[in-house]
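Reader: I would like to learn how to read a model like this one. Can we go feature by feature?

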Amino acid sequence: MKFFLLLVFTQAFTTANYGRDINIDSLISHIEESPGDTASINRLLQYSNGIAFSDPASALRIDLKVIEMARTMHNARLEAGGLNSAGEDNHFLGNYTEALKMQFEALKINRNSKDVIGEGETLGFIGVLYNELSEYRQALEYLIPSDSICQKIPGPYKGCFVLANIGDAYNSLNMPDSALYYIRESYFKFANPGRSHLRSYLLEHMGGIYAQFGKTDSALFFFRSAVLNSLMTRDQLNLSISLKKIADVYTTRGIYDSGLHYAHQAFDIAQSIPSDLHMLRAADLLSVLYSKTHKTDSVLFYLRTVLAMKDSLYGPDKYRKLQILLLDEQQSQNSIRQKEQEFRNRIKYILLVVVLAIFLLLAFIFWRANRLKQKANILLGNQKNKIEETLAELKSTQSQLIQSEKMASLGELTAGIAHEIQNPMNFVNNFSEVNAELIEELEKEAAAGNMSEVKSLAKDIRENEEKIIHHGKRADAIVKAMLQHSQSGSGKKEPVDINNMAGEYLSLASHGFRAKEKLFNATIRTDFDKTIGPVHLVPQDMGRVLLNLYNNAFYAVSEKKRQIPDGYEPTVFVRTKQLTGKIEIRIRDNGNGIR
């Protein structure tokens, strides 16, 4: 009975949705009457995002107008948001070349304006497009950095969309265990009821992974849940996708009449959007199902539809433009990598010159010491004071050499420290810029006598100021840790938060290692015993011990990853525990181990 009601609800919603008439021209005209009104343009962009899943063509018209107005206002953040949205509209319509072109342009704007959050969002959109173009490893090169950015953004995790597509990429690369991990993570981390379309998307992916493992009952449960959510949110795009996946399950089971029913619904809804990509997928399934039921005329009709959609999506002209765009982007990335390599080569050259200079200095020091020693042998009686001065100088040189050796480990942390400091400083800069804009708006509202808006803006400024203070303190803590590590140390024990120390050095070691190994990535898991109070120890010595252990662990999992590139997930686990009369710090990895 529930299943029958679901079918009736689907048909009723589809019929009602086809009859909607959105007056896009009046919306655009209304915004054009007040140029420079950022809040109104943002609302227009939000409206576009709301209808993109049922009417991407109309959403694209709105987004192109948003981009035009943002460029007139020289508002980079608004322009990047419009490009992201327009890229997704083109994606839904099957215009991959235009979609990628817009997303690449948005990525460039985000990086130039140092909008880290916008950069993470755009990287995710580009990764999805590469996934649909079957360039799965290239997709991961954009999706994994996007996930890293999302994990560093304060508040609830906002990268569920990215995690689901990482799972898609691993699934297409025949790594089902990794795919299941990421897709389940995306589903269980979802905590944004405002993004109702994303909920349908995640339910579809959960169903898809269970279908991959042959658990069709679980798959149907998630697909039907996605259908209900799409109906409630008027999400035509995800509704078509979910219905087609239900048809796939029934086809696999050999229940062809049910498969035809759902495939027809998926095709009709995709045609109403219109979405050539999903029309193609539904038509392809319908041709297979009609061939199973020996209906030749219907097979011929849907095969012709498939050919027409393939020509529309992947015709020679579109394919050529797409190849040119991908080639240009590849050349751009190669150029960036070449410049990075040239920079690294210059650094190596400078380090080589510095090392040679140190060797020459040491040679001079030893030569001079030897000369002084010879003079001391000749003038032993008369030069006792001079010999003592020479010995003091040698001891000083020895202390400098010991300190230089300690500083060598600091060099390994340079990239990690720079990365760690850059994040809070980026947030400080971004929130400072936002406060400057808010103060300007506050002055305008105060002049207009709008005190309620003034209070709202003042509250926003206060909240941003708290975030600036928070990230400033974070940068200060990193610098203090760096200075503490670089000091020679007095050997005096101090009360130290061992959990905080273990976490700080783990983060610095991780970023330092990733600076040397660009493609390396490892899962880090911690289990810190919060009952541990301050521990009296020598912080510099303990820091170096932790750093060496972390570096050994990352090296071990990195070597194993080179040997087993597929199916292996590098993992480093750190645990602290309060024992009777002592503290245990355990560092474990799943690398090759000692041989």
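Author: We start with the whole chain, then take helices, strands and charges in turn. This is a predicted model, in which local features need pLDDT of at least 70, side-chain atom pairs count only at pLDDT 80 or more, and totals for chains, interfaces and linings use all residues. Residues are numbered from 1 along each chain as its sequence is written, and side-chain values use heavy atoms, with hydrogens and water left out.

Reader: What does the secondary structure of the chain come to?

Author: Helices (H or I, at least four residues) and strands (E, at least two) are DSSP runs, numbered from the N terminus. Here the chain has 21 helices and five strands.

Reader: How many of the residues count as buried?

Author: Buried means under 20% relative accessible area, exposed over 50%, and partly exposed in between, with a 1.4 Å probe and protein chains only. Of the 595 residues in this chain, 42% are buried.

Reader: What span should helix H20 have?

Author: The expected span is 1.5 Å times one less than the number of residues. H20 covers residues 498-516, so its 19 residues should span 27 Å. Its end C-alpha atoms are 27 Å apart, in agreement.

Reader: Now the strands. Which way do E4 and E5 run?

Author: Two strands pair if DSSP finds at least two bridges between them. E4 (residues 571-579) and E5 (residues 582-589) run antiparallel, joined by eight bridges. They form a hairpin with two residues between them. In the turn, Gly581 has a positive phi of about 75 degrees.

Reader: In which sense does E2 pair with E4?

Author: Strand E2 (residues 523-527) pairs with E4 in the parallel sense, over five bridges. Ile524 stands opposite Val572 of E4.

Reader: How many salt bridges does a search of the whole structure find?

Author: A salt bridge is a side-chain nitrogen of Lys or Arg within 4 Å of a carboxyl oxygen of Asp or Glu. The search finds 14. One of them joins Arg71 to Glu79, with closest N and O atoms 2.8 Å apart. Arg71 is partly exposed at 41% relative accessible area, whereas Glu79 is buried at 13%. Arg71, Glu79 and Glu105 are linked in a salt-bridge network.

Reader: Where do Glu559 and Arg562 lie?

Author: Both lie in helix H21 (residues 539-563), three residues apart, about one turn of the helix.

Reader: Which side chain of opposite charge is nearest to Glu204?

Author: Lys and Arg count as positive, Asp and Glu as negative; His and the chain ends are not counted. Glu204 sits in helix H11 (residues 196-212). The nearest opposite charge is Lys245, 4.6 Å away. Glu204 is buried yet has no salt bridge. Not counting residues up to four places away in sequence, Glu204 touches Phe223, Ala226, Asn238, Ile241, Ser242 and Lys245.

Conventions. Contact means heavy atoms within 4.5 Å.
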